[in-house]
Amino acid sequence: MSNSMKGSMADYSDDHLVELAKQGDIEAFAELARRCQERIFYSILALTKNHQDAGDLTQEALMQAFKSLKTFKQRSSFNTWVYRIAVNLTLNFLKKGKREGTKQVLDESLSWVEAKEETSPSPERGSLKRELSRKLQEAVDSLPLPYKASFVLVVFQGMTHYQASRALGCSENTVSWRMHKARKMLQARLRPYLEG
Amino acid sequence: MRCKTIEKWLSDRIDGELSERKIKVLQTHLESCLSCRSYAAALEIIQDEARSIQKPQVSPSYWAKFTSELKANLSSKKTEKRLARLSVKRWQWAGASAALTLLIIVGLYFLLFFEKPVPEMVVFSYEDSLTQISQEIGRDPELENLFNLVVLASIGESLERSGWQDSPGFQENFILWENLSEEEIRLIESEIKKEEKIEEESDEG
């Protein structure tokens, strides 16, 4: 793709790109994908804890969106619509009992960049913080799937309850209650690390 | 206000989903409830810790590879769709042609080979008919006599119509005599004599 074409595609709104993509413009769809793929990837990664699966599921979600583009009525944003597809695919994938890694592994083949370690005021405090962080991740991983999905989208992806409800295909009230239940469970599980 | 409700409101407040009115009620409750204040503090710690979890950074080369794979898949999917549409059209045409061909074959079959059954005609020969009649009549003597009279009368009528009296008698029928044997001639002559004698006796009487 030439730079001029790349530049023009980046200037188009999502709605305009959707119209072009519906007519079979692959570049237009690729631009739409570029705008949302990273967020989708990290949401799926937070659920699956496996970067290979996260990458595959993100590709699959985008391909599914391309196949079903003609049925997209544009009542919600393209982002939300693709998110909905991605979350459904991921939840089905997890329900089928595929391997769910408990540890994020840095894989050179996927060109990961090492996560930066946060600096702490003291070694002891830093150690406690790391322990809490590790325990929190374990606790989030152990949440029931519907609660975990809501927590990942709202807390890790910064979505509102409304946006998360569109992605999950449930009501806003349901998301609100799931967040409350998830936090209750996390607080109960992390009590020893929260006191003091 | 019940603590269970306050705990739910605390969760909504962290997500920025609580109304101003409810925030005020919440604040008032927290001022007097230690348990709910502890719970609120725990939720804040969990939220802060969750937000600070570093996600691995993905290098630009990963996304470049991801995008080129996606475009390749999109192109092949587009070709697949086009082929599928052609295939469906092809199958539709094939189906229609097959149906039409079948219709033509069935129509031709009925036209050429399917014949209406001809009602069976029972035909008796002349001899069979007479045999049939004789068998029926033979069972009844009165009917048999009547039948014989009818047949004789019919023969008589035929002879009158044919004008046998004007034709030469059988005595003068040379073709007839030439074909008879000597014995047959002598038998006929004796019969003629008997009949002549009977006529004479009846004339005298």
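How many helices and strands are there in chain B? Select chain B and count: eight helices and one strand. Helices here are DSSP runs (H or I) of at least four residues, strands are E runs of at least two, and both are numbered from the N terminus. Along the sequence, the pattern reads α-α-α-β-α-α-α-α-α.

Before going on, note that this is a predicted model: local features need pLDDT of at least 70, side-chain atom pairs count only at pLDDT 80 or more, and totals for chains, interfaces and linings use all residues. Residues are numbered from 1 along each chain as its sequence is written, chains are lettered from A and ligands numbered from 1 in the order in which they are written, and side-chain values use heavy atoms, without hydrogens and water.

**Stop 1: chain B.** Stay on chain B. Of its 205 residues, 18% count as buried. Buried means under 20% relative accessible area, exposed over 50%, and partly exposed in between (1.4 Å probe, protein chains only).

**Stop 2: the interface.** Now show chain A with chain B. The contact takes 50 residues from chain A and 38 residues from chain B. Contact means heavy atoms within 4.5 Å. The area buried between the two chains is about 4300 Å², and carbon and sulfur atoms give 63% of that. Buried area is the accessible area (1.4 Å probe) that two parts lose on being put together, summed over both.

Next, select Arg183(A) and Asp15(B). Their side chains meet in a salt bridge, 2.7 Å from N to O. A salt bridge puts a side-chain nitrogen of Lys or Arg within 4 Å of a carboxyl oxygen of Asp or Glu. Across this interface the rule finds three salt bridges. Colour the elements of chain A that give two or more residues to the side touching chain B: α3, α4, β1 (112-113), α6 (123-141), α7 (145-156) and α9 (172-189).

**Stop 3: a loop in chain A.** Go to the loop between α3 (26-48) and α4 (51-67) of chain A, where Asn50(A) sits. Is Asn50(A) buried or exposed? Asn50(A) is buried, because its relative accessible area is 12%. Its side chain reaches the backbone nitrogen of Asp53(A) at 2.9 Å. Lys49(A) lies in this loop between α3 and α4 too. Lys49(A) has a relative accessible area of 8%, so it is buried. Its phi is near 60°, a positive value in a residue other than glycine.

**Stop 4: Gln74(A).** Move to the loop between α4 and α5 (78-95) of chain A and pick Gln74(A). Gln74(A) is not a glycine, yet has a positive phi of about 60°. Gln74(A) counts as partly exposed, because its relative accessibility is 25%.

Methods:
Polar contact = N/O pair within 3.5 Å; in protein donor to acceptor, adjacent residues only side chain to side chain.
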